[in-house]
Amino acid sequence: MKRRVAILISGRGSNMAALIEAARLADFPAEIVVVISNRADADGLEKARQSGIAAVTIESQPFGKDRAAFEAVLQSALDQHRIDLICLGGFMRLLTAEFVQRWFGRMLNIHPSLLPSFPGLDPQGQALRAGVKISGATVHFVVAETDAGPIVMQGAVAVSDDDTADTLAARILQIEHRIYPDALRLVASGKIRIEGDVCKTAGSAGGDGALISPAAS
């Protein structure tokens, strides 16, 4: 039986679209059953509807700083749709430790850096200021700490000397669209187990490729 997934968004939903597209495959072990936004003007809501996915708005602004009250309504919607797994896709709302703990091991997020490096805001700018030669994206389980939690999957890109935060972000976004569906496939298939703060993948031997940047001439 396919795992039932909710995607939480606040904006355009580009990773949401990648997940919906992947879930159309017959052998994909999860189905996207609802997209929930905390903003009524999120572009991703219409994209979800056009894909035949239920789209729900739970405005967070009226709740102010009462995150628990907002999450009570959110949890009710998740229960209504019998959700097994949550994917955060640009969801710009802090979650309480209680909500996160309730969904521990069942809620994924993606961040545009190779965590634990460059958490928080402007990760591409952080990477450029640090002078790293390789950056990328990370899919991880959500914990109470921001951009932390056991890492499920990472993808890397080379950083060019002439990169700006925008050009690097665009290249990383392409990687995000590749690894988020793959990470969800692993989790929904039951191939991921959490040992302490580390994810282990059943049957994984690791990749045999190497990304070296800059390339020596």
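**Exercise 1.** In this predicted model, classify the contact between the side chains of Asp122 and Arg129, then state how accessible each partner is.

*Solution.* 
Step 1. Take the N to O distance: 3.3 Å for Asp122 and Arg129.
Step 2. Apply the cut-off: a Lys or Arg side-chain nitrogen must lie within 4 Å of an Asp or Glu carboxyl oxygen. The Asp122 and Arg129 side chains therefore meet in a salt bridge.
Step 3. Check accessibility. Asp122 has 37% relative accessibility and is partly exposed. Arg129 has a relative accessible area of 62% and is exposed, because the exposed class begins over 50%.

**Exercise 2.** Which residue forms a salt bridge with Asp163, and is Asp163 buried or exposed?

*Solution.* 
Step 1. Find the partner: Arg171. The closest N and O atoms of this salt bridge are 2.5 Å apart.
Step 2. Classify Asp163. Its relative accessible area is 13%. Buried means under 20%, so Asp163 is buried.
Step 3. Classify Arg171. At 27% relative accessibility, Arg171 is partly exposed.

**Exercise 3.** What are the accessibility classes of Glu21 and Arg24, and how far apart are their closest N and O atoms?

*Solution.* 
Step 1. Read the distance: 2.5 Å, in a salt bridge between Glu21 and Arg24.
Step 2. Take Glu21. Its relative accessible area is 48%, so Glu21 is partly exposed.
Step 3. Take Arg24. Its relative accessible area is 49%, so Arg24 is partly exposed.

**Exercise 4.** How many salt bridges does the rule give?

*Solution.* 
Step 1. Read the count: 10 salt bridges.

Note on methods: Residues are numbered from 1 along each chain as its sequence is written. This is a predicted model: local features need pLDDT of at least 70, side-chain atom pairs count only at pLDDT 80 or more; totals for chains, interfaces and linings use all residues. Side-chain values use heavy atoms; hydrogens and water are left out. Buried means under 20% relative accessible area, exposed over 50%, partly exposed in between (1.4 Å probe, protein chains only).
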